[in-house]
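Here is a model to question. Each answer sets a value against a cut-off and draws a conclusion.

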Amino acid sequence: MLEQILEKQQEFNQYLDSIDLSVLKEQYTRSELDNFSNQLYSLKTRSLAFEVKRLTDEMKKEEYPELLGVHHFPVLRQIDFLTEEQKIELDKFLVSYRKGNYVSGLWRITKKHGTVKEIEKFLLDKGVVEERHYAICPKCDQGYISSLLTPEQKQGIEKIITENESEERYEYLDTFLDHVCMECDRSTVPEEIETLNFKTVYKMVQERDTSLDNV
Ligand SMILES: [Zn+2]
């Protein structure tokens, strides 16, 4: 049966290929051809390739019910503070981030700020993501005055800020901090910094499980 369908489709394709547009141009008026074009557009052509693909997708899910649940990041099954649907959403959501990308927009999974924080902590604890930090401008509390910092660099900065003022301190801070804020254009020199706030972002560091990709 499949062979027969293919054969008929090929036959029809050959017939289409044989149609010479220049002959149509000679034999018909523009309005006749316009009308013909509209008629062709209004014919509903069944897309068997699309329908069959959808069918095999359904068959695959019957064969591998795991595909309906969390399967890209199996570790998410351990979460006990989200519903099953939310875990599946999260699993799908994280697929769009490759290793090295920064994950943002977890509010799509839940609008609850506390739960977003819990998800971030879970992903961090399980080694799915790593933390990176920006130092926030003390002048406007909005812009960033550093490049992306590792947790160790952030700790180093926090430590040195609390220590006695010294040449070393300025040199160290100078390595990581930009003087001018992109948001407010004001400059902050290391000598003035008493405290710094940081904004945390999350970098994807785990590859997803691909074992069910090609089943
Ligand atoms: Zn600023």
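Helices and strands here are DSSP runs, numbered from the N terminus. On that basis, D185 sits in the loop between α8 and β3 (197-204). The model is predicted.

Q: Why is D141 called exposed?
A: D141 has 11 C-beta neighbours inside 10 Å. The limit is 12 or fewer, so D141 counts as exposed. Its place is the loop between β2 (129-136) and α7. Phi of D141 is near 65°, a positive value in a residue other than glycine.

Q: How do you know that I109 is buried?
A: Buried requires 20 or more other C-beta atoms within 10 Å. I109 has 21, so I109 is buried. I109 lies in the loop between β1 (102-103) and α6.

Q: Which residues is I109 in contact with, leaving aside neighbours within four places in sequence?
A: They are Q86, E89, L90, F93 and I119.

Q: What makes up the largest nonpolar core?
A: It has 11 residues: V70, F73, L76, L90, L94, I109, I119, L123, V128, V129 and Y202. Two elements, α5 (84-95) and α6 (113-125), each give two or more residues to this core. A second, separate core has eight residues, including I145, I160, L177 and C181.

Q: Why is a set of residues called a nonpolar core?
A: Its members must be buried, of a listed nonpolar type, and joined through C-beta atoms within 7 Å. In soluble globular proteins, nonpolar side chains tend to be buried together.

Q: How do you know that α7 and α8 meet?
A: Contact needs C-beta atoms within 7 Å. Q153, I157 and I160 in α7 meet R169, Y172, L173 and F176 in α8.

Q: What describes the packing of α7 and α8?
A: Helix α7 (residues 151-162) and α8 pack at an angle of about 145°, with axes 10 Å apart. Their crossing is left-handed.

Q: How much confidence does the predictor give the protein chain, and which helix has the lowest mean pLDDT?
A: The mean pLDDT is 93, and 100% of residues reach 70 or more. Among the elements, helix α8 (residues 167-176) has the lowest mean, 83. Helix α3 (residues 30-42) has the highest, 97.

How values were computed. Residues numbered from 1 in each chain as written. Predicted model: local features only at pLDDT ≥ 70, side-chain atom pairs only at ≥ 80, totals over all residues. Helix = DSSP H or I, 4+ residues; strand = E, 2+ residues; numbered from the N terminus. pLDDT = per-residue confidence, 0-100. Axes fitted to C-alpha atoms, helices over the stretch in contact; angles between N-to-C directions. Left-handed = near helix turned anticlockwise from the far one by under 90°. Contact = placed C-beta atoms within 7 Å.
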